[in-house]
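Dear colleague,

Please find below the structure that I am handing over to you.

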Amino acid sequence: MVSRQMMSQITWVAGSYGASQGLRLFTNIVLARLLAPQLFGVMLVVNTLRTGIELLSDVGIGQNIVSNRKGDQPDFYNTAWTIQIIRGLLLFAIGLLLARPLAEFYDSDQLIEIIPIISVVFLLTGIQSPSRFILQKRQAVKAIALFDVFIAAVSAIVHIALALYSPTIWALVAGLIIATSISTTASFFLIDFRIHRIKISREHVRAIISFGKWVFASSVVFFLAMNFDRLYFAKEIPFAILGIYGIARTFSDMIGMLVQRVGAMMIFPKVAAFAKERSELRPAIAGLRMKALLATACGLSLIVALSDVVILVLYDDRYIAAAFMLPILMAGTWFSILSTMGESFMLGIGKSVHSAQANFAKLLWLVIAVPLALIYFGFVAALCVIAVADLFRYISLSFSQWKEGLSFLKQDLALLSLFAFLVVMWRYIFMQLGLVADIGTWLEYGGMING
């Protein structure tokens with residue numbers, strides 16, 4: 001019964017993620033036809049900065065509700081919701097204050113107008129209902145899955161309609177605000193509108209801050225580790241190349257985000273609810289972890305081998321350089337997947353500090369290696385540096401898991417060897433069948449980065 005329930009949950013998580021990402025991908029392709037690459041570059045910077053500002057005061061509202069034993073009690077989640085509202089107001093003010101300095105730093109007059117308008121999103125997400133996190137704690141996967149697909153569909157319709165009406169940067173800006181407004185409104189009907197009350201409980205505030213201090217540290221470091229490349233490239237390369245790179249990153253992030261979603265909605269809550277001795281936790285999850293990663297290795301290797309074809313089929317010649325970037329970035333996703341699973345285990349046992357340490361290790365690598373690679377060896381070298389960055393995050397988490405008695409190093413080494421073999425095998429087979437370009441042609445795509 002447990003196995004069937006778990007398979008049902010995985011199906012809903014993966015299915016809804018696939019549907020949502022499919023809709024986002026369709027939207028991205030249509031917008032790429034309607035809008036110039038440099039507009040994607042500008043919006044990539046705007047969204048990255050918006051995410052960074054959001055994480056300035058992240059105390060893990062959702063993680064608190066899921067992990068705390070009292071998380072689904074009204075006093076607790078209403079206190080969390082009240083903190084979230086206050087945070088939204090503060091972030092809106094910060095966005096207004098930072099608009100001009102950020103615009104001057106990136107030498108873009110557009111950002112002076114865009115950032116204050118985009119800051120409205122902070123107000124909207126601030127009042128968003130905590131009902132999603134309550135459902136996550138209850139492992140009500142189906143309800144969350146249907147909600148996510150609905151929001152993805154609405155966002156697709158809104159963005160495409162606006163781009164058809166006005167093929168400018170404002171279509172992307174207005175689309176984000178309208179889609180967020182609809183998401184916030186709909187979130188109040190996930191459970192019951194009457195559950196929401198402005199409430200401050202000192203006991204729960206202390207619990208939220210105590211748990212959230214490491215979530216905050218981890219979130220800030222995680223943001224910088226995940227977005228340092230975008231922020232750095234925005235200063236060093238043209239917005240058009242940045243926009244093309246952003247499309248490659250969008251594809252490469254999809255698999256990692258799916259595993260992150262599975263980890264947040266299934267692994268994290270299950271580990272947090274594990275009632276037996278810690279020594280029994282590893283044997284209880286080892287088999288399931290092996291099966292999940294084995295399936296992932298088979299699927300991801302196939303995707304890596306075919307990834308450049310996706311760009312060539314779906315996008316026009318303006319974006320052909322992404323066909324060179326994507327296989328490199330996609331291959332590095334393997335270490336991101338392993339790291340995400342490790343973080344879910346650490347959060348589940350209440351050790352959020354390990355996540356912060358792991359992301360710091362990745363960030364340190366990026367801060368040192370990306371500028372050196374770009375300056376002395378060029379963009380391709382910097383791309384390879386980014387692709388292996390999650391290896392350093394994984395090494396840090398592996399050490400932490402070993403200290404906590406949750407090490408899977410032998411399992412991971414075997415799976416890594418299998419993954420590498422499968423990538424080479426699939427690529428060779430597809431080349432022989434004429435389904436993918438040979439190595440020389442693929443390298444020519446990379447030569448178009450500056451062309």
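Arg 318 forms a salt bridge with Asp 316 (a side-chain nitrogen of Lys or Arg within 4 Å of a carboxyl oxygen of Asp or Glu), and their closest N and O atoms are 3.0 Å apart. Arg 318 counts as partly exposed because its relative accessibility is 37%; here buried means under 20% relative accessible area, exposed over 50%, and partly exposed in between, with a 1.4 Å probe and protein chains only.

Please note that this is a predicted model, in which local features need pLDDT of at least 70 and side-chain atom pairs count only at pLDDT 80 or more, while totals for chains, interfaces and linings use all residues. Residues are numbered from 1 along each chain as its sequence is written, and side-chain values use heavy atoms, with hydrogens and water left out.

In total, 8 salt bridges are counted. One of them joins Arg 132 to Asp 148, with 2.6 Å between the closest N and O atoms. Arg 132 belongs to helix H7 (residues 131-137) and Asp 148 to helix H8 (residues 141-165), so this pair ties together parts that are 16 residues apart in sequence; helices are DSSP runs of H or I with at least four residues, numbered from the N terminus. Arg 132 is partly exposed at 24% relative accessibility, whereas Asp 148 is buried at 11%.

A further salt bridge connects Asp 253 and Arg 230, whose closest N and O atoms are 3.3 Å apart. This pair links distant parts of the chain, namely helix H11 (residues 239-272) with Asp 253 and helix H10 (residues 202-236) with Arg 230, 23 residues apart. Both Asp 253 and Arg 230 are buried. These two residues also belong to a network of salt bridges that includes Asp 229 and Arg 249.

Yours sincerely

Conventions:
Helices (H or I, at least four residues) and strands (E, at least two) are DSSP runs, numbered from the N terminus.
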